Each structure stands twice: as structure tokens, then as C-alpha cells.
Amino acid sequence: MEDAEEIMDTEVQDDLYQLVSFKLAEEEYAFKITDIQEVIHVQAIRGIPQMPEFILGVINLRGNVISVFDLRKKLHLPAKEFDDKTKIVVTKVDDTIISLVVDEIMENITLTQSQVEPAPNVKMKINKECIAGLGKLKGKLITILNLEKIHEEIIADVDINVEV
Amino acid sequence: MAESYEMSDDEKQEIIEEFLAESDQYLQSLNDCLLKAEELIKGGQTVEKDDINLMFRAAHTIKGTASFIDLTTISHLTHEMETVLDRIRNDQMDFTVEAIDVLFAAFDSLSALLERLKTEGDDQGDVSESLEKIRQILSGEAPAAAEEPVAAEKPAEPAVEEPQEVVPEESEASSESDEELEKYWAAFIEDTQQNIERFDEILLNMEKGDFKPDYLNELFRISHTIKGSSGIVKRRDLEMLSHKMEDILSGMREKEEPPAEHITTLLFKGIDWIKETVNEIQSGKRQERDPGELVQEFEKLLAAEAASPAGASEVSAPADQGQAPAIDINALNSEQAIKLEEARGLKQAVYNLTIAVSEKCPAKSMKAMLAKERLSKEGIIIAMVPEETAIDDSSTAKVSIQFLYSTSESQEGIPAFVSIDEIELVSLDKIDMAEEKPAEPAVAEPKAAAAAPAAAAKPQAAQKPVKKEAAKEKQSKSAPVEVTSMRVDVRKLDNLMNLAGELVITRARFSQLLLELRNEVSSTRQTIDKFREIENSLMGLKMKTAETVSSAEANGGQDRDELKKMIETIGQKFQDTSRQTSTKLITEKIYNMDEATRNLEKLSSDIQNGVMQTRMVPIEGVFSRFKRLVRDIAKEIKKDVKLDIYGEDTELDKKITDELGDPLTHMIRNAVDHGLENTEERKATDKPQQGTVTLGAMHKGNNICIEISDDGKGLDPDKIANKAFEKEIITEDALEQMSDREKMGLIFAPGFSTAEQVTGLSGRGVGMDVVKKMIESLNGTVDIESEMGQGTSFKLKIPLTLAIIQALLVVIDNEVFALPLESVSEIVKVMPDEVYRIEGTATIKLRDHTLSLVELEKVIQIEQKKIGADDERRVVVITDGENQVGICVDELIGEDEIVIKSLPVHFTNVIGISGASILGDGRICLILDVGAIIKEAQ
């Protein structure tokens, strides 16, 4: 029956990583597809004063004012001017809609459990806690980011007392 | 059934056809859900609540219609199915494979019955087997195989939480379950609180010596209403106490004289107890309290009153226990209010109609529905309490149902509508909608009498021991009242408010687009002008060529003709093109669109105002509680105090009134406790012995001004200053430079309290600093005026609404900012040589005083354009009510209404920016927080 198939599907899905990968400083990163609401072109960002550099400001997303962060700067990667490939990834984390600027959107990928390893215990460019795992696909290495953790850090960065 | 009303065969056939079509859909979803459920149960999983509800609803709906058209077998069968499903969804029964089997069997029987109805026109099929199976499963016997362990062991709790929310009203089971009650709580709390306030007010008035016989009627009515609604939410404690109060009042109102003091005191006690209890309920405590002692006091009083002859006949009149509370025509929900309006529009009379379903009737809800259907066929049911879905079929008591009913039929004709087996007409009163005075139902009386024969024929009415009493009570219930308000969910209004905000934004976007379009047209026009020029020069060329050619005629004609032709073609083409690109049509369209946009602008601002108006409530609701507060405090501290209130019908946003209660309470306490001298002190001066506290409100532009003043000793600036110094709030140096006004402002400093001794009333930790903060959180300001020996006056200024503000839009370094117009006092032009520096601060001279210019870059890190030495500057002068500073802006855009949007959580700590707004062109503009900027600048 239809329903039975559906159940089977979700069961299998649990073991799969459905990801959207993107480029940041020549390397490939990914978010879980379920974290992402939409991807939009770069649009006018209204800056807000007194904020760390990685907090670019706010954008108008269909009448809603939402925060924009520069993911490169947040992860302490070298800065880069926006170009026509630059995209804004709109995500929902902890019931807050936030958006992150990335260099380029790559593709939707599916990895099995066996293709994903935990972050290695060596010093990495970015905070290890922000990494959910390392995915391997066709010889490429994809860093899967932990969005909740990143947002936690952002909240800590702006020093506000909100429940995360 | 012996019913006075019979459907014609045609009518019946039509209904049956409709019923069959409708049932088909429900059968389909029933079938789908059962299959799905079976699959899930066999797989050891839980069936979704939604699906169970869907099935329940299907069975319930079929049952309802079937019983209406007398398809007894179908209604019986579906009723049983409904019972099974109801138990399952309430987790009173496991959803097992057996249950599925039983439901499937019933489903098959039902399909067969419907098939029979289609072909034979009746539903006389045999369903005994299915019914027997249902009976077995309901009684817990396993009909066939033993229960499957998988299903049986399944824990019931995952499903427990959901059902309340997902079940739409009409599908509610007939039993008045807890979730049903939950819906009443909110309404109950609100109604009862309003009633308590009114009760309090009347008691206070009477205590003051202002007595009207109507008051007693009103008190009686309020007690009665509280009793009734407490009954609905099953609060026996409240019901019991309000019943006792009602009894007392019932006796008193006959006497038409002011109650004795001990009675008033007891009534105060009673209403206070009710108030406390309702507050507890509101804060989530649902435990019943024990009103035992109070009830005893009331009983004692009752006994004493009964001893006097006047009271005797009254007290014996028992209140009508089983009766639902009268429908309050003033408390209709929106749907009902619309119906009432409709009825009024048709100029139809409105009646209060009460019927009772006999206690012996097995399917009371069904009978109620039948009555409802009948009534709605002949008129409009404005309200029905309780709804048929809320009637408990298993109850063995008589069920009384109240209708607010309107019909074009004469009053005498109405009893026929409800002449149904096992239903009796209890009362029928006409409500005179035009009658202004609520307490004098002169018109209603003869009509009620006309209804009397119908009522008298019924044994129940005849049994009423004191007829006069009953009639009187009915009269007060049906007292003609005008519908002036209705209840709307605040969330709905909030949503509407947001939409209105979006509309304003979209409107602005239209204006913007129109402007762009106009620019586009004017540039097209320029292009056309260019075309014309080219065309002209081409003509010139043509003539010149003709001349040249004719002078060189001898050279042969062929070249000449070709050239001529070529030039002519080009000329023609230019002419065509320029004609085609005429802007006339588009200009006309733009003109029309401009007009439409202007209309839209007016409409959207009207809508916005309208929506805002709906959120506006009189401040009376907040003020009225202070009458009691002042009385209580004055009694406790033995001062003679009078509270003067003015402007209580001043309206403001409901949200703000909710927030105002606490700060005002505190300020009034202060005024009575600290502001006013005690009686001896007052005697010593020339002041009247009675102190006066004044509480008033009025509109001033887009603000509401609230004044709390007393005629007491006034604030002593030096005493305050010393205190502040002692408490190390300020330094001695600072003190010396302070004006009296500034010194008085110190009472708002955190940790300040002027009371020399902390009494139980004031100084319980909520200082004036908290009051100020609360007012500021509403974007309001507090101002003090005080004269020694004459009194103190606090003036609050609060914007009427929080969602939309008038703002001045300015450009600072290519970014748009909004300044609340409220805080802009003026705009001045300044030449560079007029700016000088005092202690490093840029300052200008504004008339006869100096004004410092805020450097936003330093204060809140907003960059400002570097301006050339010779450039004229525009300075916006902003104020927080006390201080003024200037902000240099690069450009002024103008005034506009903007919708405030809060910034995302990440920007909570940003100073100097209070929010954002979206402009017509989609850009975001930041709203500057004037108060914070001035504070930071100092």
C-alpha cells in the first residue's frame, strides 16, 4: 500500500544525509536540506551599527526583516567581494529565520551514513563544534555544517540572553 | 412522531438526495481512513488522531442528517459507530483490529442501508448483527478472536494531547467533555471580570448614598449571570456563592430601598471572594475553593431577612437551577452579532426563547438539532445556548435551551415551530430593540403575557411556586438592551492590523512605481522629440537633395529618382515610428492610474484607521478599578480620600490599556499613601479635610495624556535630593547644579523611595523607576509637576498605538532613517560658520539658547557624510521631552506613516535604533531611538 511505502521511505531517509552543498573560499560545505528554506540572489542589505563584522545587517524578505550573516567571515575564512554567483541562503534555526551569504550554490547531494565521518580531531580552519561531519563524495570532501551550533555562536557573539 | 410540521414529499425527496450525495463523500473518507488505520494497527503503529476525528465526524454528520429526515435505522447505526469512535479518540478504548472489524461491519451495513435508501426510498434494512458487534465491543467483550497483543499493549498517551485542537466544533461529542469546557474558560473569565467590576461599582455608588432601585436589579442580574456561567464551567464554589448572593438580592430588590450596611459589607465580601477566585482561575489555578464560611454568613443573613415579612416570600423562590444563563445580547460573538444585524435589517422582532427537552428523551442533542432546524427554517437563530453539540445525551436531567431568535412570523406563531415531541416551550419574550432604557421593559410585558397561555399549558411552568417571581426574573433577562459591542479574538485584530500595515506598504510601492513610470514616459517623450528633430532634418535633406539634383538634371534621371525614393522612404518610416511611439495613450493611462492610486491611498489609510479603531477601547476599564482601590487604601490608612475621574471614555489601544494597569495602580497608591497628608495635617492647613486624587485622561494629537494628581503636600525637591544623595544615587557636585525640576526627577532613579517609613501599601519593591520603565516601554513619557503644599501631578503621555507611527524620513550617508515625528521639534538650516565648539561638542545657536549637535558616529556608530566647509547643513532638532539635541542630516525625504517592524533578535543590544520599517520601494529604513540617542549623547 501507498502508506506502507511512505513509511519505508522515511525509515531509509533517516540513514541518509540529504544536503545542499555550496562553495566557501574554494572549498565545499553543506547544510542539511531540511534546514534550508530558500536560496535568493544577493539583494540590498541594510547595515546595522554596533555589530561584529560578520553581521551584515538585515534584508527585506517579502515584507519580513531578517538578519544576514557573512558565512565566510563567521567561519573566519578570508573575505571576498560579492559577485554574480554570490547567494543568500535563507534558513530557519531555533524558530528564527536567518540568512547566510555563501560564494556559490553547488548541488543537492545525498550521502549514506557510511560516506560521512565525524570531524577529525585535528586543528581545522573552523571551529570543530560547528561541523556536523565530513562527507566524501567522488573524491571530494564536503564539510557538513551544524547550523544550530553556528547560530548558538552568533547569539553568543552578539551577547544577548536568549534561550537557544 | 406526532409533529405539527410535516415536510412535503417533494421536500423530503430533495433532502434525501442531498443526504445521499453527502453521505457518499463521508462513506468514502470513512472507508479510506478505516483501511489506513487497519494497516497501521497491523504494523503496530498508532492511528493519527486526525483520521479518527475524520471518521467520527463522518459518522456524526450522517447521523445528524439522518435523524433530521427520520431515517431511524441509519441514525441509530451511525450513532453507535460514533460512540465507538468517540471512545477511541478519547482513549477510553484501544483502537484494535477487532474495533476495525466491527467498524467495517457497521460500515458495510451502512452502505447497504444507503443503497436501499437510494433504490427503495427507505432505510428499513436489518442491521442487528452490526449493532450486536458494536454492543459487544463497547461492553468490552471480545466479539471474535482474542485481542492482538501488539495493539493491546500500545500505550495510549501519545494521542492524549492533540484531539482538543484538531476537532472542529461541530464534531464535538455530545458529552460535555473537558476540552469543551476549556473553550468556555476564556469567555467565562472575561465576562465574569466585567460583571465583577460593575458589581463593585454599583456597591460603591450605593455606599456613597447614590441609590437607584435599578441598581438592585442589576446586582441581582449580575449574580444570576455569574451563577449561570459558573455552572457552565462547572465551578460549584462560584455557583454556590453567587446563588446565595442572588438570593439576598432577590429579596432586596422587591423592597426598592438601599440595603443596610451589613448587607453591603457582606456583598463586598462575596464579590471579593469571587474576584479572587476568578483571578486564580485566570492564573491557571483551577482548584475549587471553599466558600463555606461566606455561604454560611449569607445563609445567616438570609434567615434574618426571611424573618422579616417582606423578605419571606422572596427567598422561597428557588432560582431556576437547570436553566442555562440568559443570552446576553451585549455579549454576542461576531457571527451572532452579524445575524442580529441581519434580523434588524429585516425589521424582524427578536425574541428570547427558551425550550426544554424532556428528561426522558434519549437523544436530546438530536431533538435540539431538530428544533434548531425548524426555527432556522422560519427565521434567524442569532444565538443558541447550549448548542446542540454541547448537550449531554446521557444526562437524565431536563435540558433547557435558550435561543435568541428572530422571525417575521408573529409571536403567536412561534410556539408551533417548536411543537416537537419531548420538547416544551418554557418562555418566549420579545426583545424590544429600539427601547433605550434597559431596566424598563414596559413593552415586553404584554407580549410576555401573550406567551403565557403557551407556557401555562405546560406542567413545568404551572409548577413554579412563585409565578410573580418567575415573571420578574424573565423580564430582567429579556430587558431590552441595545447591541453596542461584540467580542472579537485579539489575535484576529492583530492579524488584521498586520495586513493593514502591509497594505500601507504596498500602497507606497504603487506610488513609487507610478513615479518611475512617469519618469519613463517623460524620457520616452524626449526620444520622440529627438525623432521629430531627425524627421525635420531629413526633410531639409530631402529638399536640399532635390535642389542639387535638379541643378544636375543633365547628368541623367535614374540616379536622381532612386535617391529621391530612398529619402522619401526613410522619411516615411520616421514619421510612422514617431507616430506609433505617441505617449498620448500612455499618459492618459498614467493619469488614470494616478487617480486609482490616490483612491487606494485613501482607502488603505481608512482601513488602517478603521482597524486601529477596532482595537481602541475606553480607558474606563482601567480606571474603574481604582475607585475600589482608593476606597480600600483610604480605609486602611484612615485618610478621607475622594477619587475624581474624568475622561474615562477616552479611547486607546487595548494592548496599551492592558499594560497601563500596573503603573497606574502604583502611582495612585503613592498619591493616596504619600501624596496626601493625613487628616490632622490637612486640618492644620486650610485644606478641606477630604483629600482629592484626580485621575484623568484626554487625547492630545496622536497621544493619550493621563494625569494622576493629588492636592497633598507636594514634592520637596531638596528632601528628594538629600535622599538621593544619602542613597548614593547622585554626587554632591551633581546636586548643586540641579534645578528643582531635575531634583524631582530623581524619584524615578532606581532604588529611590520617598516614604519615610515603608508601609504595607507602597514601597513593596516597585519603585517609581519601574513605573517609568513600564511607561517608556510603551514609548511614553512621564512628567512631574509639583508645588509645595499644593499637590503633585504626574502626567503620562503615551502614543495611542504601537504599530504605526508618523515619522520624518531623512537620509544620513545615503541611508534612510526614520525619526518619530513625535520627537522632532523643528528643522533648521545652518551654515558652517554658525557651528562652533563648546568643550569639543559641535554647537549651534538656536534663537536664544544653544543646541548641541549629536555626532551619530561617536554615539551610535552611524557614519555621517563628511561635509564640505561651505555646505549648508540641515539640522533636525529632536527632543525627549526634557532635552533637545540636533542631528545633521544630508537630506529630508518628508513625513510619512510607517509600520514599525521589530529588528531580529540578534540586534537586541543595538543602542539608538528602536526598529525598522519597509519603505515603498522595498528598502529597509531604521527607526532612530531618540530617547536613547539623547541619553548616549550626554
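Trainee: In which element of chain B is Glu18(B) found?

Mentor: Glu18(B) lies in helix 1 of chain B, residues 9–42. Helices (H or I, at least four residues) and strands (E, at least two) are DSSP runs, numbered from the N terminus. This is a predicted model in which local features need pLDDT of at least 70 and side-chain atom pairs pLDDT 80 or more, while totals for chains, interfaces and linings use all residues. Residues are numbered from 1 along each chain as written, chains are lettered from A and ligands numbered from 1 in written order, and side-chain values use heavy atoms, without hydrogens and water.

Trainee: Is Glu18(B) buried or exposed?

Mentor: Buried means under 20% relative accessible area, exposed over 50%, partly exposed in between (1.4 Å probe, protein chains only). Glu18(B) counts as exposed because its relative accessibility is 55%.

Trainee: How much of chain B is buried?

Mentor: Of the 938 residues in chain B, 45% are buried. Chain B contains 31 helices and 22 strands.

Trainee: Where is Phe54(A), and why does Phe54(A) count as buried?

Mentor: Phe54(A) sits in the loop between strand 3 (36–41) and strand 4 (55–61) of chain A. Phe54(A) counts as buried because its relative accessibility is 7%.

Trainee: Which residues does Phe54(A) touch?

Mentor: A contact means heavy atoms within 4.5 Å. Leaving out residues up to four places away in sequence, Phe54(A) touches Val68(A), Phe69(A), Asp70(A), Lys73(A), Lys74(A), Ile154(A) and Asp157(A). The C-alpha atoms of Phe54(A) and Leu71(A) are 7.3 Å apart, with the two residues 17 apart along the chain.
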